[in-house]
Amino acid sequence: MADPFRVRVTVRGYELDTQGHLNQAVYLQYAEHARWECLRASGIGQDRLLAGGVGPVALEVTVRYLRELRGGDEVDVTCEFHWGEGKTFRIGQEFTRADGTPVASVSGVGGLLDLTERRLVADPRERFRALATDPVPMSL
């Protein structure tokens, strides 16, 4: 099995809360950033999704905080798609400091929305595969 897709982010000062650590909502932004970068690495940009009449949607997201992040810290955020049967898929994401210390994990359930019908696509993996130029980052 290949290593998961990952992107490195540096924590910026304006993302900190009054305790001096990364605001809880920003973890979700970092996770979203990693997911979009994973799609982009697969050749699926927003323009390609819109041209295909679909868009990814988050149906459920859970964050587990393990350690704090402070301004200037570098964190690697992974993105692993787990495909099954049906209209939804799972995404697992790990946040790890550059030194290897686990910081947080995000798990979620997603789908692919048909933008005309406003319904989930029956087989999101197959639709993503049809849009991708490189299936590897998304485990297609």
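**Cysteines and charged pairs**

Mentor: This is a predicted model. Start with the disulfides: the count comes to 0. C38 is in no disulfide, and the nearest cysteine sulfur, in C79, is 4.1 Å away.

Trainee: What is a disulfide in general?

Mentor: It is a covalent bond that joins the sulfur atoms of two cysteines.

Trainee: Is C38 buried or exposed?

Mentor: C38 is buried, with a relative accessible area of 0%. C79 also counts as buried, at 1% relative accessibility. The cut-off for buried is under 20%.

Trainee: Now the charged side chains. What can those of opposite charge do?

Mentor: They can pair when their charged atoms come close.

Trainee: How many salt bridges does the count give here?

Mentor: The count is 8 salt bridges. One of them joins the side chains of R8 and D76, at 2.8 Å from N to O. This pair links distant parts of the chain. R8 is in strand β1 (residues 5–10), while D76 is in strand β3 (residues 74–82). They are 68 residues apart.

Trainee: Which residues are linked in a network with R8?

Mentor: E74 and D76 are linked with R8 in a network of salt bridges.

Trainee: Where do I look for a pair within one helix?

Mentor: Look at helix α1 (residues 24–41). There E37 forms a salt bridge with R40, and their closest N and O atoms are 2.6 Å apart. E37 and R40 are separated by about one helical turn, because they are 3 residues apart in this helix. R40 counts as exposed, at 54% relative accessibility.

Trainee: Which residue forms a salt bridge with R129?

Mentor: E126 does, with the closest N and O atoms 2.7 Å apart. Both R129 and E126 lie in helix α3 (residues 124–131). Their spacing is 3 residues, about one turn of the helix.

Trainee: How accessible are R129 and E126?

Mentor: R129 is partly exposed, with a relative accessible area of 33%. E126 is partly exposed too, at 39%.

Notes: Residues numbered from 1 in each chain as written. Predicted model: local features only at pLDDT ≥ 70, side-chain atom pairs only at ≥ 80, totals over all residues. Heavy atoms only, no water. Disulfide = S-S within 2.5 Å. Buried < 20%, exposed > 50% of the residue type's maximum accessible area, 1.4 Å probe, protein only. Salt bridge = Lys/Arg side-chain N within 4 Å of Asp/Glu carboxyl O. Helix = DSSP H or I, 4+ residues; strand = E, 2+ residues; numbered from the N terminus.
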